[in-house]
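Open your viewer, keep the selection tool handy, and follow along stop by stop.

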Amino acid sequence: MNSTNYFLLVNVVNCALIAVRSIAARAIVGTIVLFVFVICKCRRRHLSAYDTIEEFLQSQNNLMPIRYSYKEIQKMTNSFKEKLGKGGYGEVYKGKSRSGHLVAVKMLSKAKGDGQDFINEVATIGRIYHVNVVRLVGFCATASKRALVYDYMPNGSLDKYIFSEGPNGIPLSWEKAHEIAIGVAQGIAYLHEGCNMQILHFDIKPHNILLDEDFVPKVSDFGLAKLYPTKKNTVTLTAAKGTIGYMAPELIYSKIGRVSYKADVYSFGQLLLAMVGRGKLNAITDHSSRVYFSSWIYEKVNREEENDLDLGDITEDEKDIVRKFILVALWCVQWAPADRPSMHRVLEMLEGDLMNIELPPKPVYYPQDSFARDQKSSDEDTTEDSTIALCESVALEIEQLSNS
């Protein structure tokens with residue numbers, strides 16, 4: 001090989017090596033850039049809920065709760081030593097604040113809608129105070145940890161007393177049940193009418209009613225709550241909210257009526273029926289079974305056959321409390337929202353004389369009359385067969401939701 005060919009070959013090899021190095025360098029750089037991009041995207045997705053929460057917290061200057069760091073939460077709960085309970089939202093631990101005040105710390109394991117459940121809770125009870133609404137002491141919001149700190153309620157939740165004989169084996173007296181019912185009604189009425197904004201809870205049930213050392217009830221768990229102007233009569237929802245069995249029918253099927261504060265009234269009525277039925281309603285969680293229970297208990301009261309409710313050996317005064325509970329509950333669980341009273345009226349009935357409470361219309365499972373009221377023009381030409389078919393479709397949808 002002559003020198004010219006040799007140098008030519010060397011140049012070709014050098015050019016090839018340079019090209020290979022350039023391609024390799026670009027591939028390495030590209031891989032690094034892609035890796036960084038994926039990490040950043042995952043991090044942004046992970047922090048999106050935190051950013052949403054931070055934006056909300058920075059915009060709210062009138063929130064009274066204390067903001068704690070995660071280290072303070074750990075110290076407060078003694079490294080999460082004593083667990084009080086667990087739910088779909090996370091776990092609750094007993095703790096003690098710096099002042100020695102006992103608290104319950106709810107650690108949120110997952111957030112819905114970019115931290116919307118956390119925001120709902122802080123936004124609603126973070127700015128109000130009422131004797132029958134649980135007090136939010138503080139909260140923790142970091143990139144990966146979220147916690148809500150409440151006053152500790154030594155007597156737990158109401159469901160422990162109406163679905164059993166209570167933690168100490170002592171059943172809840174009807175007098176105390178009456179006081180609790182009035183307290184819960186006062187709390188809900190305050191949320192509806194006593195704040196600058198109308199607060200709709202959407203998840204009133206015995207599990208969300210906490211009892212302090214004196215059995216004073218506190219409405220709790222505002223993860224599904226919504227704030228609306230006080231003059232707004234109806235609200236718009238994109239999905240059903242609440243717990244099957246306590247959820248108002250209009251939240252499941254829109255043709256029944258508009259969604260409003262009357263949804264909470266319905267849930268309160270089911271809570272009263274649960275207090276009357278006690279253990280008998282423990283297993284009844286689907287909507288249709290509770291409607292049938294309402295119809296059955298209506299007939300007992302209408303015929304003055306309360307003894308068939310198996311209430312045990314109770315006094316005449318206690319029988320009056322039970323009858324009042326039933327009458328008020330039956331008003332609250334009317335199918336059409338327009339037929340239900342406001343919480344203010346509910347309070348008047350609970351605190352007033354039993355003789356002043358009229359027997360409401362009988363609860364029905366196929367509410368032809370309700371549909372006729374809610375669909376004025378279209379229902380004028382609706383035949384009886386088509387109305388029944390429409391009602392049956394409502395029942396079918398409710399049954400499918402209950403079984404899902």
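Begin with the whole protein chain in view: among its contacts (heavy atoms within 4.5 Å) with a separation of 6 or more, 69% join residues 24 or more positions apart. Before you zoom in, please note that this is a predicted model, where local features need pLDDT of at least 70, side-chain atom pairs count only at pLDDT 80 or more, and totals for chains, interfaces and linings use all residues. Residues are numbered from 1 along each chain as its sequence is written, and side-chain values use heavy atoms, with hydrogens and water left out.

Now switch to a cartoon. You will find 13 helices and 10 strands in the protein chain; these are DSSP runs numbered from the N terminus, with helices (H or I) of at least four residues and strands (E) of at least two.

Of the 404 residues, 48% count as buried (under 20% relative accessible area, with exposed meaning over 50% and partly exposed in between; 1.4 Å probe, protein chains only).

Hide the surface and select Leu158, Phe268, Met275, Phe325, Val346 and Leu350. These have the most contacts inside the largest nonpolar core, which holds 68 residues. Such a core is a set of buried Ala, Val, Leu, Ile, Met, Phe, Trp, Tyr and Cys residues joined through side-chain atoms within 4.5 Å.

Which residues is Phe325 in contact with, leaving aside its neighbours within four places in sequence? Select Trp174, Ala177, His178, Ala181, Leu272, Met275, Val276 and Leu350 to see them.

On to the rings: there are five aromatic pairs, counted for Phe, Tyr and Trp (its six-membered ring) when centres lie within 6.5 Å, with planes under 30 degrees apart stacked, over 60 edge-to-face and the rest tilted. Pick Tyr161 and Phe215: their ring centres are 5.3 Å apart and their planes at 80°, so this pair is edge-to-face. Tyr161 sits in helix H4 (residues 159–162) and Phe215 in the loop between strand E8 (209–211) and strand E9 (217–219), so the pair ties together parts 54 residues apart in sequence. Tyr161 is buried at 6% relative accessibility, whereas Phe215 is partly exposed at 22%. Then select Tyr70, Phe80 and Tyr93, which form one aromatic cluster.

Last stop: Cys140 and Cys332. Cys140 is buried at 0% relative accessibility, and Cys332 is buried with a relative accessible area of 0%. A search of the whole structure finds zero disulfides (pairs of cysteine sulfur atoms within 2.5 Å).
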